[in-house]
Amino acid sequence: MNYTKTLRQYCLQHNGSILDVAWLADRYFPMVPYKSLLKILNRLRDEGIITSVSKGVYLIGDGDLDDAIRKYYSGSSHGMFIGDQLFYEEGILSEPPEVAEIITNAIVTGHKTIGKYHLTKVDLFFSVYERELICILNILEKGYTLSMDAQVKCAQYLADHLFPVYSDRVWREIVQAMHVPYSTVVKLHETLTANRIKNDCIRIYNELNA
């Protein structure tokens, strides 16, 4: 197989996207020796096909780097923002934070930093249900630390999303994939119970963390 030709074709098909070397090697080109992969990528960089943006991370072709990072690591089912960046995206906070936290399944290592983006690996499929329940968990964990106006918006988010989002199945997937503080689990149980939403969230959490 002509590895250079194959990688060049991959780049042509993903113009404007991020190329994460570790992810690419693990998922798309495990048959290519890693040192050979790096040599090919250096050649493609010298040709101007890719541009280095961070250690082991490239931008393919033309495109907005910020948009490419967002789409690659937090788009579709790949991940999502958490913390203050999540609150900003949801309109709860009016100003973005200096550091944007992303949990994502699109990296191989535990953590990665690209500019202002701090990435943490979470082995989870991010459907709309996982995304919204994780948003609820962020609100329960940190919402009380925000301004009164932001707390009002948090309460409205909970009122709009709690009932259609929560299920013990989705909750189990999240607890298996990422750490959730026990105090947040208790708040979730209390909030669900107060809204007459049947749940086994504490039992499931204790079962998985025994």
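Tyrosine 205 is buried in this predicted model. Its relative accessibility is 9%, under the 20% limit for burial. The ring of tyrosine 205 forms an aromatic pair with that of tyrosine 182. Tyrosine 182 belongs to helix H9 (residues 182-194) and tyrosine 205 to helix H10 (residues 201-208). The pair therefore ties together parts that are 23 residues apart in sequence. Tyrosine 182 has a relative accessibility of 41% and so counts as partly exposed.

The count of aromatic pairs comes to 5. One of these pairs joins phenylalanine 81 and tyrosine 117, with centres 6.4 Å apart. The planes of these two rings stand at 35°, so this pair is tilted. Phenylalanine 81 lies in strand S4 (residues 79-82), and tyrosine 117 lies in strand S7 (residues 117-121). The pair thus ties together parts that are 36 residues apart in sequence. Phenylalanine 81 is buried at 8% relative accessible area. Tyrosine 117 is buried as well, at 2%. Elsewhere, ring pairs link Tyr10, Tyr28 and Phe29 into a cluster.

Helix packing was examined next. Two packed helices are described by the angle between their axes and the distance between the axes. Helix H6 (residues 128-142) packs on helix H7 (residues 148-165) at about 140°, and the axes are 10 Å apart. The crossing of H6 past H7 is left-handed. On the H6 side, the contact is made by Tyr129, Glu132, Leu133, Cys135, Ile136, Ile139 and Leu140. H7 contributes Cys154, Tyr157, Leu158, His161, Leu162, Pro164 and Val165. By class, this contact holds 12 nonpolar, 1 polar and 1 charged residues.

Helix H1 (residues 3-13) and helix H3 (residues 34-46) also pack, at an angle of about 55°. Their axes are 10 Å apart. This makes H1 oblique to H3. H1 passes H3 in a right-handed crossing. The residues of H1 in the contact are Tyr3, Thr4, Leu7, Arg8 and Cys11. These meet Leu37, Ile40, Arg43 and Leu44 of H3. The contact of H1 with H3 comprises 6 nonpolar, 1 polar and 2 charged residues.

Conventions. Residues are numbered from 1 along each chain as its sequence is written. This is a predicted model: local features need pLDDT of at least 70, side-chain atom pairs count only at pLDDT 80 or more; totals for chains, interfaces and linings use all residues. Side-chain values use heavy atoms; hydrogens and water are left out. Axes are lines fitted to C-alpha atoms, for helices over the stretch in contact, and angles run from 0 to 180 degrees between N-to-C directions. Helices (H or I, at least four residues) and strands (E, at least two) are DSSP runs, numbered from the N terminus. A crossing is left-handed if the near helix is turned anticlockwise from the far one by less than a right angle, and right-handed if clockwise. Contact means heavy atoms within 4.5 Å. Ala, Val, Leu, Ile, Met, Phe, Trp, Tyr, Cys and Pro count as nonpolar, Asp, Glu, Lys and Arg as charged, and the others, Gly among them, as polar. Angles under 35 degrees count as roughly parallel, over 145 as roughly antiparallel, 65 to 115 as roughly perpendicular and the rest as oblique. Rings of Phe, Tyr and Trp (its six-membered ring) pair if their centres lie within 6.5 Å; planes under 30 degrees apart count as stacked, over 60 as edge-to-face and the rest as tilted. Buried means under 20% relative accessible area, exposed over 50%, partly exposed in between (1.4 Å probe, protein chains only).
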